Amino acid sequence: MRALTLVALVVCGSATSLGQTSDPARIRAAFLKMIDRPRVALATETRPRLDAGIYRAERFTFASEAGERVPGIFLKSVRATDRRPAIVLLHGTGSRKEELLGSMRTLADRGFATATIDSRHHGERITTGADNDQYYAAMLQTFRTGKGGPYLYDTVWDVMRLVDYLETRPDVDPKRIGIMGISKGGTEAYLAAAVDERFGVAVPIIGVQGYRWALDHNQWQPRVGTFLPPIEAAARDEGVKQVDAAFVRRFYDRVVPGIYGDYDAGSMLALIAPRPVLVINGDSDARTPLPGVQEAVTSARATYVKMGVEDKLGLYLQPNAGHVFTPVAELVMGDWFARWLQP
């Protein structure tokens with residue numbers, strides 16, 4: 001099994017000028033300014049969480065901004081008595097932090113400390129409605145008012161504050177922090193790593209979305225299908241009878257400004273350089289179409305080549321796989337973190 005994962009791990013093809021980040025400092029500063037908000041004290045609260053005897057686990061909450069407390073889980077092996085490299089794990093749409101416990105235990109077995117949180121309007125942070133009702137309502141409200149960033153951006157802020165918390169822990173090595181995420185969480189993972197250099201390694205899984213590529217090639221429908229209720233309601237607000245690529249652009253401009261421009265995948269992956277990043281995707285994932293993924297990674301590779309660190313950019317394609325995270329891919333992810341963070 002281990003040999004198979006190493007064979008499947010490939011470094012992307014030749015560099016191209018398409019989508020290169022010409023001014024990374026400007027893009028990073030603009031993104032940080034866009035998501036910035038007044039900082040508040042973390043006011044962290046923790047309590048033990050029952051978990052099998054070979055792990056130590058805690059539930060925690062912290063304040064990411066005024067009126068927002070972020071619930072999470074911290075887990076490590078009982079054998080980990082010194083400062084350990086830590087991995088942040090982010091879930092996808094409609095999921096919750098508890099669904100990542102299996103991956104957390106697997107990483108803990110390899111010597112990592114792990115931490116996960118509920119993203120905005122998910123898990124314990126759902127206060128009204130059921131399933132994705134609150135999440136969708138928040139997206140529609142942002143479209144109408146221009147306030148907030150419930151799709152991707154608010155959670156990036158929460159993740160940066162999570163690192164603030166991890167840096168306070170005596171059992172975490174603050175110089176060795178990695179991040180992974182699945183689907184929506186994968187997008188949040190590479191966005192966070194792009195603008196927060198405290199993340200030493202990133203593994204976005206089925207979340208590297210070429211937003212501009214999908215719009216230009218009429219492949220936007222599967223991704224938009226994950227938040228169809230608010231975009232259809234927004235279209236009704238504006239008297240639009242049918243959602244098309246032009247309206248999707250208008251929706252993105254209000255809800256996730258820049259996501260198909262400066263903050264698209266190729267640009268943001270390039271901002272992670274020279275730090276290691278491994279993109280994991282299904283070879284037939286409609287939500288993250290392969291040509292858009294390849295364009296983004298090849299574009300970012302130009303920066304890695306220029307810096308002389310092209311071995312730090314990888315692409316693993318899960319064979320015969322759609323929008324899933326397979327056990328083999330989980331092993332590849334663990335190998336990548338182990339290679340660069342040395343637990």
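Q: What percentage of the 343 residues in the protein chain is made up of buried residues?
A: In this predicted model, buried residues make up 57% of the 343 residues. A residue is called buried when its relative accessible area is under 20%.

Q: What makes the protein chain as compact as a globular protein of its length?
A: The chain holds 13 helices and 10 strands. Its radius of gyration is 19 Å, close to the 20 Å that the globule rule gives for 343 residues, so the chain is as compact as a globular protein of that length. Along its principal axes, the C-alpha trace spans about 60 × 50 × 35 Å.

Q: Why is Ser183 called buried?
A: The relative accessible area of Ser183 is 8%. The cut-off for buried is under 20%, so the term applies to Ser183. Ser183 is found in the loop between strand E7 (172–182) and helix H6 (184–195). Its phi is near 60°, a positive value in a residue other than glycine.

Q: Why is Asp131 called exposed?
A: Asp131 has a relative accessible area of 68%. Exposed means over 50%, so Asp131 is exposed. This residue lies in the loop between strand E6 (113–117) and H4, and its phi, near 50°, is a positive value in a residue other than glycine.

Q: Why is Gly67 called exposed?
A: Gly67 has a relative accessible area of 81%. The cut-off for exposed is over 50%, so Gly67 is exposed. Gly67 is found in the loop between strand E3 (55–65) and strand E4 (68–77).

Q: What makes the pair Arg28 and Glu197 a salt bridge?
A: The closest N and O atoms of Arg28 and Glu197 are 4.0 Å apart. A salt bridge requires a side-chain nitrogen of Lys or Arg within 4 Å of a carboxyl oxygen of Asp or Glu, so the pair is counted as a salt bridge. The pair links distant parts of the chain, with Arg28 in helix H2 (residues 24–35) and Glu197 in the loop between H6 and strand E8 (199–205), 169 residues apart. Arg28 is buried, with a relative accessible area of 17%, whereas Glu197 is exposed, with 56%.

Q: Which residue forms a salt bridge with Glu98?
A: Glu98 forms a salt bridge with Arg59, and the closest N and O atoms are 3.4 Å apart. Glu98 lies in the loop between strand E5 (84–90) and helix H3 (101–109), and Arg59 lies in strand E3, so the pair ties together parts that are 39 residues apart in sequence. At 22% relative accessibility, Glu98 counts as partly exposed.

Q: How do you know that the buried residues of H10 are on the same side of the helix?
A: In helix H10 (residues 245–255), Ala245, Phe247, Val248, Phe251, Tyr252 and Val255 are buried. They cover an arc of only 155° around the axis, which puts them on the same side of H10. An α-helix has 3.6 residues a turn, so residues three or four places apart point the same way. The buried residues of H10 pack against helix H4 (133–145), helix H7 (211–216), helix H8 (221–224) and helix H9 (228–237).

Notes. Residues numbered from 1 in each chain as written. Predicted model: local features only at pLDDT ≥ 70, side-chain atom pairs only at ≥ 80, totals over all residues. Heavy atoms only, no water. Buried < 20%, exposed > 50% of the residue type's maximum accessible area, 1.4 Å probe, protein only. Helix = DSSP H or I, 4+ residues; strand = E, 2+ residues; numbered from the N terminus. Arc of directions from axis to C-beta. Contact = heavy atoms within 4.5 Å. Rg over C-alpha atoms; globule rule 2.2 N^0.38 Å.
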